[in-house]
Amino acid sequence: MTVRVLLPRMLADCTGGRTSLSLDLAGDATVCAVLDALAAQHPVFDRRVRDETGALRRFVNVYVDGDEVRRLSGLATPVPSGAEVMVVQSVAGG
Amino acid sequence: MATTLLAIGTRKGLWLATSEDRRSWSLSSPHFLMTEVPSIGIDTRGGRTRLMVGVRSEHFGPTVVHSDDLGVTWDEPAAGAIRFPADTGAAVERIWQLRPDADDRPGVVWAGCEPISVWRSDDGGDHFELCRGLWDHPHRAEWGAGYGGAAAHSVVPGPGGTVHVAMSTGGVYRTRDGGASWQPRNAGISAYFLPGPAPEFGQCVHKIARDAADPRRLYAQNHHGVHRSDDDGDTWTSIAAGLPSDFGFVMLADPRRGGRIWVVPLVADGQRIPPDGRLAVHRSDDAGETWQRLDAGLPVDEYNAVLRDAACVDAGDPVGVYVGTRGGEVYASADAGESFTQVAGHLPDVLCVRAAVLP
């Protein structure tokens, strides 16, 4: 299955300048699997969005087809084939 | 004359200043703009300069980067330099301290972090290992958080396997076996915010420094209290007499001259401004027995505090002294604090300054 991933422009230096890409994943993927696949290609990007326990950083949000995953099943939220996954910083900072 | 590098970490980025005479400075454009820089280490051992910086993004967390070309390029280990092992279930929140060890231990760099933890690198700061002895300490569950967070903010290596750390809150701990075991060393340091007599640990020691001539002599700026220990931290006595206040965050020791220290007093816990709104550094040349107020070149009106790592000394001769305020002003002294000149102004809050005479 293939999913479309939108990445924050603020992290473009960690993703080779890319702000979107397509990922080919095994069936029954989750948000965690999407982030794991991104981590394999862009390990520094992964450290920016997840801490070393694997938790999503507090001020990073992930949406699957427009729904924020913390309101669903977190990183275990299913990602259907053809879905759009958006990783974006939340409103924070002084 | 050699070039001196002054690295200025702020709430919103890093600035690098250089000077040939430590009076006239050239300031760089900002690095890591919009990320805070609470820790800097400048390692000049071995005839080369490595600049290590702890940066933290509100969104994207903390990391350590380093530069071997004075900030022209920066490197970051892909796996991260400081990462808690999986079994701890912990994650680094902020890197508070990056401290190169002594010349006779090349490659060794210490880090202090939030949550309260101490780390050691043996490869010049590329990778740090958690000091398990402190992390697994039975006191850890009782350590608290100061307003800035629960952190090991001071790491002061000494001779042999001796290292002193200070944490807020928890106080001073010492190891004599390179970090395997740690003992609290706070006898004589108050903790007015706790009921009853001062405890064995739990103090909010803001900064510690080691004497240049006597490695068993240490100095501490406490959360109310300025202290000296002449017995490697076993006991502490007050050296606050002669200061306008015993509150503040800074404690600096001259790397060349024993008995010489600097503090930057603030009025009190509940009034964190320079006394009378006049910024001054206070220096002692006799290990805290007497103090001299030094303010030449510092602003007459200043209501911003100087944070615990926003002051430093270099290893020049005479020693240089540097202070930065939460108002974004940075001052340098090329004469041990006798007079200051302004390096930069109107920067974001200054969190950390570190200076070195480049090899």
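The secondary structure of chain A comprises 2 helices and 5 strands, where helices (H or I, at least four residues) and strands (E, at least two) are DSSP runs numbered from the N terminus. The model is predicted, and local features need pLDDT of at least 70, side-chain atom pairs count only at pLDDT 80 or more, and totals for chains, interfaces and linings use all residues. Residues are numbered from 1 along each chain as its sequence is written, while chains are lettered from A and ligands numbered from 1 in the order in which they are written.

From the N terminus on, the order of elements in chain A is β-β-α-α-β-β-β. The C-alpha trace of chain A spans about 40 × 30 × 25 Å along its principal axes. The radius of gyration is taken over C-alpha atoms, and the globule rule is 2.2 Å times the number of residues to the power 0.38. Chain A has a radius of gyration of 12 Å, which agrees with the value near 12 Å for a compact globule of 94 residues. Of the 94 residues in chain A, 31% are buried; a residue is buried if 20 or more other C-beta atoms lie within 10 Å of its own, exposed if 12 or fewer, and partly exposed in between, with C-beta atoms placed from the backbone. Two residues are in contact if their C-beta atoms, placed from the backbone, lie within 7 Å. Among the contacts in chain A with a separation of 6 or more, 53% are between residues 24 or more positions apart.

Chain B has 1 helix and 29 strands. Its radius of gyration is 19 Å, close to the 21 Å that the globule rule gives for 359 residues, so chain B is as compact as a globular protein of that length. The C-alpha trace of chain B spans about 50 × 50 × 40 Å along its principal axes. Buried residues account for 52% of the 359 residues in chain B. For contacts in chain B with a separation of 6 or more, 51% involve residues 24 or more positions apart.

The interface places 15 residues of chain A in contact with 13 residues of chain B. Helix H2 (residues 43–49) of chain A supplies the largest share of the chain A side, 5 residues. That side divides into 7 nonpolar, 3 polar and 5 charged residues, where Ala, Val, Leu, Ile, Met, Phe, Trp, Tyr, Cys and Pro count as nonpolar, Asp, Glu, Lys and Arg as charged, and the others, Gly among them, as polar.

A nonpolar core is a set of buried Ala, Val, Leu, Ile, Met, Phe, Trp, Tyr and Cys residues joined through C-beta atoms within 7 Å. The largest such core has 100 residues, and those with the most contacts inside it are Leu6(B), Ile8(B), Ile208(B), Leu252(B), Ala311(B) and Val353(B). Strand E29 (residues 350–357) of chain B gives the most to this core, with 6 residues. Beyond its neighbours within four places in sequence, Val353(B) is in contact with residues including Leu6(B), Ile8(B), Ala311(B) and Tyr322(B). A second, separate core of 21 residues includes Val60(A), Val64(A), Val69(A) and Val79(A).

In chain B, 4 strands form an open antiparallel sheet in the order E11-E12-E13-E14; two strands pair if DSSP finds at least two bridges between them. Strands E11 (151–157) and E14 (183–184) of chain B stand at the edges with a single partner strand each, so one side of each is left without a neighbour in the sheet. E11(B) pairs with strand E12 (residues 163–168) of chain B in the antiparallel sense over 6 bridges, and Ala151(B) has Ser168(B) as its bridge partner in E12(B). The two strands E11(B) and E12(B) form a hairpin with 5 residues between them, and Gly160(B) in the turn has a positive phi of about 60°. Strand E13 (residues 171–175) of chain B is joined to E14(B) by 2 bridges, with Pro184(B) in E14(B) as the partner of Tyr173(B).

Most residues other than glycine have a negative phi, and most peptide bonds are trans. Arg22(B), which is not a glycine, has a positive phi of about 65°; it is found in the loop between strands E2 (13–19) and E3 (26–27) of chain B. With 25 C-beta neighbours inside 10 Å, Arg22(B) counts as buried. Phe32(B) also has a positive phi, near 55°, and is partly exposed, with 19 other C-beta atoms within 10 Å. The peptide bond from Glu114(B) to Pro115(B) is cis, with omega near 0°, as is the bond joining Asp317(B) and Pro318(B), with omega about 0°.
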